[in-house]
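Subject: Structure handover

Hi,

Here is the structure I promised to pass on. Please open it first, then read my notes below.

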Amino acid sequence: LITLEEALNGAMRAITVRSTNARTGREESQTYQVRIPAGVREGQSIRMRGKGDPGFAGGSAGDMYLRVRYAQHPDFEARGADLISSLELAPWEAVLGATVPVRTLEGKVSLKVPPGTQQGHKLRVRGKGLPTGKETRGDLYVAISIQVPPQSSEEETRLWTQLAAKSAFNPRAEK
């Protein structure tokens, strides 16, 4: 398992491989330094030349292939070179629009949320995904989740009531 940060930047990682020695029947472990290239994708293989099983009749060792899997990330899900995350908004931010900080693999960026943004809508942050080539990257898609305050003060309740009385919006109206 590698982290999304390792897939983005590349890394050196020590891995330990346990195998059974064909001649002795005993289990052995060996530790190798593996170079994880920037932009490696889940499901790809990393080849380690000469680190496989010994050849027949004294032949040279074969190659070992390591299949890449991404570790689960607390903030992002990878889909190819694109990353998916979520962003919680207050109802007024969704209605009025806002500029809010959004986390990327490299830190935070400001994201402009347009007025009238709906629950579940995805906003795109170009070039903040995983590498697709030497100079190109996938995108970060931020799924909107509108959060309603669990409680309201008397003043907030009065304002919500005024808004409800003045608004013509009806989410259940026939379209």
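Start with Val95, which is exposed, because its relative accessible area is 56% and the cut-off for exposed is over 50%. Keep in mind that this is a predicted model. Val95 sits in helix H2.

Val95 also belongs to a nonpolar surface patch of about 560 Å². Which helix gives the most? H2 does, with 3 residues.

Now the overall picture. The chain has 3 helices and 10 strands. Along the sequence, the pattern reads α-β-β-β-β-β-β-α-β-β-β-β-α. The radius of gyration is 25 Å, while a compact globule of 175 residues would have one near 16 Å. The C-alpha atoms fill a box of roughly 90 × 35 × 35 Å along the principal axes. Of the 175 residues, 28% are buried.

Next, look at the sheet. Four strands form an open sheet in the order E5-E6-E10-E9, and the pairing is mixed. Its edge strands are E5 (77–79) and E9 (122–125), and each of them pairs on one side only. On average, neighbouring strands here are turned by 35 degrees against each other, direction ignored. In general, strands of a sheet pair through backbone hydrogen bonds, either parallel or antiparallel. E9 and E10 (residues 140–146) run antiparallel and are joined by 4 bridges. To find one of these bridges, go to Arg124: its partner in E10 is Tyr141.

Last, the salt bridges. How many are there? The count comes to 9.

- Arg13 and Glu6: the closest N and O atoms are 2.6 Å apart. Glu6 is buried, because its relative accessible area of 15% is under the 20% cut-off. Arg13 is partly exposed, at 26%.
- Glu27 and Arg18: the N to O distance is 3.2 Å. Both residues are exposed.
- Asp63 and Arg47: the closest N and O atoms are 3.7 Å apart. This pair links distant parts of the chain, 16 residues apart. Asp63 lies in the loop between strands E3 (45–48) and E4 (64–67), and Arg47 lies in E3. Asp63 is partly exposed at 33%, and Arg47 is partly exposed at 39%.
- Glu106, Lys128 and Arg137: salt bridges with shared partners join these residues into one network.

Best wishes

Conventions: Residues numbered from 1 in each chain as written. Predicted model: local features only at pLDDT ≥ 70, side-chain atom pairs only at ≥ 80, totals over all residues. Heavy atoms only, no water. Patch = residues over 30% accessible without salt bridge, like charges linked within 9 Å, V, L, I, M, F, W, Y side chains within 5 Å. Areas by Shrake-Rupley, 256 points an atom, 1.4 Å probe, with all protein chains shown as cover. Salt bridge = Lys/Arg side-chain N within 4 Å of Asp/Glu carboxyl O. Helix = DSSP H or I, 4+ residues; strand = E, 2+ residues; numbered from the N terminus. Buried < 20%, exposed > 50% of the residue type's maximum accessible area, 1.4 Å probe, protein only. Pairing = 2+ DSSP bridges. Axes fitted to C-alpha atoms, helices over the stretch in contact; angles between N-to-C directions. Rg over C-alpha atoms; globule rule 2.2 N^0.38 Å.
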